[in-house]
Amino acid sequence: MLGKLIKYEWKDTCKMGFLVLAVIACMTLLGVVGGVFPINFLVKNAQGITDGNELSNILMGFTVMTTYMVYIIGLIGGVYGVLIYSGVHFYKTMYSDQGYLTHTLPVTSGQLLISKMFISGVWYMLVLLGISISIMTLSGFLINVLLPEGFWESVAEIFRGLLWDNSEGYAEVRMVFVQLIFFWLFNLLIMPFATMMILYGSLTIGQLFRKYRAVMGILVYFGITFLSGIFGSVASQIVTTMQMLASDMAEDYTAVFMYGFGGYYIQFFVTVGVAVGLFFVSNHILQKKLNLE
Amino acid sequence: MSSLVELKGVSKSYDNKLLAVNNVNLSLPRGKIIGLLGPNGSGKTTMIKMINGILAPTAGEIRIAGMPVGPGTKARVAYLPDRNYLTGNKTVEQVFHYFDDFYENFSMQKALGMLESLHIQPEARLNSLSKGTKEKVQLILVMGRDADLYVLDEPIAGVDPAARDYILRAIIDNYNPEATVLISTHLITDIENVLDEVVFVRRGQIVLYNSADKIREEKGKSVDAYFREVFAC
């Protein structure tokens, strides 16, 4: 039954998911056409390669500014768009009239929660991946335009060193690099599902209220994210400070990065812990306290 | 005969103030069409929602075919709520496939046959259907199943008299004789002739549970007339 739930959840949400990915692709294209090309034009003007007048420089500068503003708003809109759509879709299918169908399917409440968290998490992950690719693409173009020739050769040299050079300097940087990869993977593979579970758990807790359940669910969401953020941040600060006091940073410059990661992992585990807790709380509410209006 | 539905000491309160269902004990047999009758706000819909797992009882226990309310009972109970859950731009046929995927006892052939007799196109999109047509499609989704228990909450409210006749015919023609049909309504005249048994509900409590024939015999009046007498304002 879980497979069937996942199949229909995917069918229900794929239009929205592909739309957001298409928006990200369009934003990337816009960033290249309206950002990179004018910057290239300005750089060549500055270098005296091309001959542009002041007005054209102002226009190009304005185009670049507007483009990147639209680009950033578009990407942020993509992230929040998926979050808001997922929350609305979850609420509609679980707690509005459609809930009368959802909750009479021969499936467990755990299966319902998992299917919804899994699909929205996958979409959130794809959108974050799309944004990462978009930023990397745009950065690649900008590096080509702004940085001197030979930059990519230097980058390739660093990567070769990271992979094959076993000297002490590279070994330390390699540790930081590996941590960075883990940091990114954790963010990409686990946090989207935890984020969705926190959202769904909050909306489910909102069902315990007699009136204004959707509003209460949203307030619970903000409350939980705020409190877990504060708790995670305080805990990570304490641990990071303790680690820093116990070591000599002047001797080990990579320690700065490692402590940063340590703090991040604490916040990560707090978020995942809250998400897991909310899964069980939501499951309990659906089994024992469900009260569809 | 073993009972199909068992309610033991079932209560439901909202905010610990309003007791919508008050310590109900009820045992419904198999193979009957039973009317759950009562005025508005008497607790009929609350009872039905609890039987279907849409509401959690505050106290007591509900069992269907010996099982507590859960995935097992939901596979055996076909529920027509008093709400319209058919939204979006899916086609009627897609909704039928959805039911076919989730409910082993859903018969696509039977459902398509009922759809044809009502002159509704399988390709019709839900957002293009009228309220009445959506209600008919929901009824087909329920009666298209070979369920143990059919729970119909106000199936004839809000539809024209011709559609009422069709709905009642559909219920009688399509339900499995081994199954029980529980119909909640306050339009008693229209359904009186199809009822085997009736349950009168007032302020969340069962005030009468008897066979329709016995009521007519003992009281010398129709179920509708007796209902009016019992619930006179």
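Residues count from 1 along each chain as its sequence is written, with chains lettered from A and ligands numbered from 1 in the order in which they are written. In this predicted model, local features need pLDDT of at least 70 and side-chain atom pairs count only at pLDDT 80 or more, while totals for chains, interfaces and linings use all residues; side-chain values use heavy atoms, leaving out hydrogens and water.

**Exercise 1. Find Ser282(A) and decide: is it buried or exposed?**

Step 1: Look in helix 9 of chain A, residues 255–288. Helices (H or I, at least four residues) and strands (E, at least two) are DSSP runs, numbered from the N terminus.

Step 2: Ser282(A) is buried, because its relative accessibility is 0%. Buried means under 20% relative accessible area, exposed over 50%, and partly exposed in between (1.4 Å probe, protein chains only).

Step 3: Leaving aside residues up to four places away in sequence, Ser282(A) touches Leu113(A), Met197(A), Tyr200(A), Gly201(A) and Thr204(A). Contact means heavy atoms within 4.5 Å.

**Exercise 2. Trace the open sheet of chain B: which strands stand at its edges?**

Step 1: Follow the order 6-7-8-3-9-10, which gives 6 strands with mixed pairing. Two strands pair if DSSP finds at least two bridges between them.

Step 2: Strand 6 (77–80) and strand 10 (205–211) of chain B are at the edges; each has a single partner strand, so one side of each lacks a neighbour in the sheet.

Step 3: Now pick out strand 3 (residues 33–37) and strand 8 (residues 180–185) of chain B, which run parallel and are joined by 5 bridges. Here Gly35(B) stands opposite Ile183(B).

**Exercise 3. Describe the lining of the largest pocket: which helix gives the most to it?**

Step 1: The lining has 32 residues, with Tyr8(A), Asp12(A), His89(A), Thr87(B) and Lys90(B) nearest the centre. On a 1 Å grid over the protein atoms alone, a pocket is an open set of points where a 1.4 Å probe fits, with protein on both sides within 12 Å along at least five of seven lines; lining residues have an atom within 4 Å of a point.

Step 2: Helix 1 of chain A gives the most, with 8 residues.
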